[in-house]
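Let us walk through this predicted model, one group of side chains at a time. Keep the structure in view as you read.

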Amino acid sequence: MTGNLTAPPPERGLFCNRTLNMRAIKAIGYDMDYTLIHYKVEAWEQRAYEHMRDRLVAQGWPVGHLTFDPMLAMRGLIIDTEKGNLLKANRFGFVKKALHGTRPMDFESQRNEYARTIIDLSERRWVFLNTLFSLSEACLYCQVVDMLDAGMLAGPMGYTDVYEHVRRSLDATHMEGALKAEIIADPGRYVLAEPDTALALLDQKNAGKKLLLITNSEWAYTLPMMHAAFDPFLKGMTWRELFDVVIVSARKPEFFTTRSSLFEVVTAQGQEGLLRPHSGPLKPGVPYFGGSATEVERSLGMSGDEILYVGDHMFGDVHVTKNVLRWRTALVIRELEDEIRAISAFRATEARLAERMQHKERMEAEACQVRLELQRRRLGYGPREPSPPDEQLHARASELRLQLEELDTELGPMARAASELSNPIWGLLTRAGNDKSHLARQVERYADIYTSRVSNFLFATPFVYLRSPRGSLPHDPTTPGGTPVFPPSTAGGGDTSAP
């Protein structure tokens with residue numbers, strides 16, 4: 001990629017839910033992990049998993065034989081901590097697919113368990129997998145549920161108890177620093193190099209926008225990771241010169257909703273990382289610890305829709321900033337690239353599936369009409385119009401049943417393939433059957449725009465006017481779609497509409 005105005009591949013587009021004029025944005029805030037810096041998910045999550053598992057082993061849990069399964073969970077799933085299940089729900093909160101532990105639930109079991117349940121994420125029972133950092137947690141939880149069911153865990157314990165143990169193990173893994181020390185020691189093993197991110201941020205800075213780094217990571221981790229990810233590509237400046245405001249250990253989402261003390265991080269040699277209280281405006285080039293979004297607004301002299309915040313955490317980065325501060329929001333979903341590529345590769349099969357489904361619907365409509373006519377004749381009501389004799393109608397009904405059975409046999413493999421795109425267990429991130437997934441609904445509701453990585457802003461420039469698509473309903477003549485950054489007629493361009 002270069003900084004030239006070229007059309008992005010479809011999976012690298014900026015997808016717009018609510019019209020966003022980037023020229024009106026005066027400041028852009030960024031999260032760090034999985035936003036400015038992308039990790040090799042399987043490598044990171046495997047090590048996180050192993051740290052969690054080993055902590056449980058040290059506490060006497062017989063889990064040393066367990067291994068990380070990267071296909072078992074994905075962002076946007078929901079843990080039912082009361083039942084020991086991992087769920088995929090649609091936009092209305094109805095469960096469409098479920099695992100108990102690591103075992104798929106059959107249709108009847110799932111129906112019996114959840115037919116009367118609508119998931120409300122405000123209830124403590126449900127744990128939404130907000131980010132890629134959640135994959136190791138969900139995988140280990142599902143596996144330990146299997147062990148609990150098999151009677152392999154000591155003492156009286158329920159599914160909620162198991163989750164709380166796994167969650168504490170994850171929190172300790174991230175807090176105690178051993179895992180992050182490994183990442184710092186060998187960033188090439190865990191970090192995906194993304195040189196174009198630096199250029200995208202330089203474009204924004206030189207277009208007059210203030211750049212903010214607001215991360216929950218501590219200074220001791222942020223400093224080396226940002227150095228490794230940005231400084232080699234900045235040519236004569238450092239990442240600290242790139243950002244007008246740097247805040248670490250921000251405690252999001254509380255950073256956006258409450259006020260807390262602000263400290264300056266001392267960076268003088270021999271005192272690196274020490275804290276001293278700070279009051280007054282934020283000083284350029286000085287990293288800060290804690291604080292609040294209201295202090296950032298006051299220091300910048302900006303608020304609300306003048307600020308765009310970009311992050312990967314559905315709740316901590318996007319939901320809260322939109323609901324509380326009315327900042328504009330951008331969600332980074334790296335998995336979107338694989339999803340869009342999978343959809344594109346499946347397009348020919350999908351067209352065939354759609355054509356055969358239309359044929360099925362026509363046959364079903366005829367079968368229903370034949371059945372209704374036979375019912376009216378049998379019960380002696382309705383209009384008396386010339387029509388085929390009963391024997392002919394019965395024969396046609398039998399013929400249609402046979403044809404529909406044959407068509408279902410043809411459709412079955414295609415429908416299964418559609419349900420397994422991207423992930424053989426869960427399918428597409430943004431779909432739950434034919435409906436939008438619960439994750440997709442939240443993306444639609446809280447993210448003004450979404451994209452797979454920050455460097456995709458290069459394709460759009462800091463001056464782009466992103467327009468949302470016309471809202472669609474089932475009766476509309478066209479199917480829903482996103483807004484391409486470039487018109488379809490652009491040479492070399494592709495359709496960047498949302499999946």
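Start at the surface. Phe92, Phe94 and Ile118 make up a nonpolar patch there, and together they have about 290 Å² of accessible area. Find Phe94 in the loop between β6 (85–89) and β7 (95–100). Its relative accessibility is 36%, so Phe94 counts as partly exposed.

Now turn to the aromatic rings. The model has 15 aromatic pairs. One of them joins Tyr39 and Phe133: the ring centres are 6.2 Å apart and the planes meet at 50 degrees, so this pair is tilted. Where do the two partners lie? Tyr39 is in strand β4 (residues 38–39), while Phe133 is in the loop between β9 (126–128) and α3 (135–149). The pair therefore ties together parts that are 94 residues apart in sequence.

Are these two residues buried or exposed? Tyr39 has a relative accessible area of 1%, so Tyr39 is buried. Phe133 has 17%, and buried means under 20%. Phe133 is therefore buried as well.

Phe133 also pairs with Trp44. Here the centres are 5.2 Å apart and the planes are at 50 degrees, so this pair is tilted too. Trp44 sits in helix α1 (residues 41–58) and Phe133 in the loop between β9 and α3, so the contact ties together parts that are 89 residues apart in sequence. Both Trp44 and Phe133 are buried. Step back, and ring pairs link Tyr34, Tyr39, Trp44 and Phe133 into a cluster.

Lys180 lies over the face of Tyr221, at 5.0 Å from the ring centre.

Definitions and conventions:
Residues are numbered from 1 along each chain as its sequence is written. This is a predicted model: local features need pLDDT of at least 70, side-chain atom pairs count only at pLDDT 80 or more; totals for chains, interfaces and linings use all residues. Side-chain values use heavy atoms; hydrogens and water are left out. Patches are made of residues with over 30% relative accessible area and no salt bridge: like charges are joined within 9 Å, nonpolar side chains (Val, Leu, Ile, Met, Phe, Trp, Tyr) within 5 Å. Accessible areas come from the Shrake-Rupley method with a 1.4 Å probe; for residues, only the protein chains shown count as cover. A salt bridge is a side-chain nitrogen of Lys or Arg within 4 Å of a carboxyl oxygen of Asp or Glu. Helices (H or I, at least four residues) and strands (E, at least two) are DSSP runs, numbered from the N terminus. Buried means under 20% relative accessible area, exposed over 50%, partly exposed in between (1.4 Å probe, protein chains only). Rings of Phe, Tyr and Trp (its six-membered ring) pair if their centres lie within 6.5 Å; planes under 30 degrees apart count as stacked, over 60 as edge-to-face and the rest as tilted. A charge sits over a ring if NZ of Lys or CZ of Arg is within 6 Å of the ring centre and within 35 degrees of the ring normal.
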